[in-house]
Amino acid sequence: MVSELTHFVQGEKVHGRSGVFGDVYDPNTGRVQARVPLADRTETEQIITDAERAQVEWGSWSPQRRARVLLRFLQLVEDERANIAKALSAEHGKTVADAHGDLQRGLEVVEFAAGVPHLSKGEFTDNAGTGIDVHSLRQPLGVVAGITPFNFPAMIPLWKAAPALACGNAFVLKPSERDPSVPLMLAELFVEAGLPPGVFNVVNGGKEAVDTLLTDPRIAAIGFVGSTPIAQYVYSTATAHGKRAQCFGGAKNHMIVMPDADLDQVTDALIGAGYGSAGERCMAVSVAVPVGEETADALVAKLKDRIAGLRVGASDDPDADFGPLVSREALQRVDEYVASGVEEGADLVVDGRGHTVPGHEEGFFAGPSLFDRVTPDMRIHREEIFGPVLSVVRAADYEEALRLPSEHEYGNGVAIFTRDGDTARDFSHRVNTGMVGVNVPIPVPIAYHNFGGWKRSGFGDLNQHGPDSIRFYTRTKTVTSRWPSGVKEGAEFTIPVVR
Ligand code: NAD
């Protein structure tokens, strides 16, 4: 049966009124499992109006009282964890075990944001001038919006919402129309945890809903995560409309393999980081860069062996290493990239095209593909594939390996595997990329550090979670005060200076 999903407004699930719907698929079977309403401008504006009203009271709560809501939310999600992970897996296609990880990495940012009483403390200077004190406050922005991608339907909405709410803002989430159920489940739990109705809202939709959020003057800030062309569009439109914006885009993450690295560890790391979640992660490793022909030959042989044992299966199969891609279009795109790699002359060592899973013949499954002897100018190296395709680009030496991620247009994550501390340190300092792993293949920083890519992987000045998120979701006000006993008689006509 095809169910009808809703929006979440004023603390309740609300049916769409636009009459326009999107299809939500079960990627395991290729069948439509739900219809999601796509909000029009009027519906989206109404949600902003409700959020604006709700924010006034929420923003007046003490930070500690707001933090308690987040702490209760954590407990409620814990109780519902299994159901949420199952629903996530069934719409996205990642395995249930991986769906637990998606949720968990989101909850870790909620835990961080619950420290808001400490994190948002202002600064104070006593006696900055005679009898004059100065202090700064961090105040909420008002109503802020998050526009999020399909590939982490729990984690990224929570990365955006938790710090925004903790800082006293109301939040309008526009999740991906491909897997919108989990954000709706989280919205209900926020209300159960004591969040006043209207403070956290979900507007489902496509371009019309997004454009309304980007242009409505009542939205103070936009947090976006998705592909680079849309990130750039959202950033330029939001900032042109006077909003604060942080927009994170696509990626092409390299892993440098030095000749001294432990190749068994490297192979484990590459298999997990390249093929986990069917490669649909912005921090997936899609390019391996072995240094020297000997390293490359040995690595490709090991990868080929390990890939033969990989199990691609339905997302609820506990033995599956990874599940289907999110959509038929994603599957076609991956197949086209594999074909383009062959056309451009790369060596296709393992061909994952045409993979079928018995009993799920119509599912969106792609098997793992491995290319060797990829060159930097090939499309499979230049562009983000977002599928289970790993490319090996052989580098003659360390300097050549360092140049590949540094000169790439994306700059999200990068890793180096080596036993040599000098090389690792040099690499960490010189590589032109936002997040670096040393013997860590997917260096997603922990919740209390900042997350963000460079170059065309990130637009805006402040990063996600960590201290930057508190800065992004607050504005500082600086108060200079003096009491009557400190006031000198007479008017001052020159600018006051400290003597
Ligand atoms: P996407 O760009 O297609 O969609 C992201 C959001 O933008 C969705 O909510 C979607 O509804 C909306 N959107 C899509 N087209 C739009 C348009 N023309 N106008 C206005 N809004 C539009 O991205 P996706 O396919 O959902 O997600 C995958 C992408 O996200 C990959 O490129 C991946 O690398 C990237 N990603 C980046 C990070 C990061 O932190 N850098 C994290 C996760 C995913």
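Biologist: Which helix gives the largest share of the lining of the largest pocket?

Modeller: A lining is read by asking which elements supply its residues. This is a predicted model. Here helix 3 gives the largest share, 4 residues. Helix 3 spans 96-113. Other elements that each supply at least two residues include helix 5, helix 7 (207-215) and strand 11 (219-225). Helix 8 (228-240) and helix 11 (328-343) also each supply at least two.

Biologist: What is the volume of the largest pocket, and which residues lie nearest its centre?

Modeller: Its volume is about 1,000 Å³. The lining has 47 residues. Pro149, Phe150, Asn151, Gly226 and Ser227 lie nearest the centre. By class, 23 lining residues are nonpolar, 12 are polar and 12 are charged.

Biologist: Which domains contribute to that lining?

Modeller: Domain 1 (3-249 + 457-479) and domain 2 (253-438) each give at least three residues.

Biologist: How do I read helix 5, and is it enclosed or open?

Modeller: Start with its span, then check burial. Helix 5 covers residues 155-166, 12 residues in total. From first C-alpha to last it reaches 16 Å, close to the 16 Å expected at 1.5 Å a residue. Now burial: 12 of its 12 residues are buried, so helix 5 is largely enclosed by the rest of the structure. Among the buried residues are Trp159 and Lys160.

Biologist: What happens just after helix 5?

Modeller: Look at the backbone angle there. Glycine 168 takes a positive phi of about 100°.

Biologist: How many cavities of 30 Å³ or more does the structure hold?

Modeller: It holds 1. The volume of the largest cavity is about 110 Å³. It is lined by 15 residues, with Gly279, Arg281, Ala284, Ser286 and Phe386 nearest its centre. The lining divides into 7 nonpolar, 5 polar and 3 charged residues.

Biologist: Where is alanine 273, and is it buried or exposed?

Modeller: Alanine 273 is in helix 9 (residues 263-275). Its relative accessible area is 2%, so alanine 273 is buried; the cut-off for buried is under 20%. Leaving out residues up to four places away in sequence, alanine 273 touches Ala284, Val285, Pro441 and Ile442. Ala284 is also one of the residues nearest the centre of the largest cavity.

Terms used:
Residues numbered from 1 in each chain as written. Predicted model: local features only at pLDDT ≥ 70, side-chain atom pairs only at ≥ 80, totals over all residues. Heavy atoms only, no water. Buried < 20%, exposed > 50% of the residue type's maximum accessible area, 1.4 Å probe, protein only. Contact = heavy atoms within 4.5 Å. Expected span 1.5 Å × (residues − 1). 1 Å grid on protein atoms, 1.4 Å probe; cavity = no way out; pocket = protein on both sides within 12 Å on 5 of 7 lines; lining within 4 Å. Points joined across faces, edges and corners; volume = space filled by probe spheres on them. Nonpolar A, V, L, I, M, F, W, Y, C, P; charged D, E, K, R; others polar. Domains from an automatic or database assignment.
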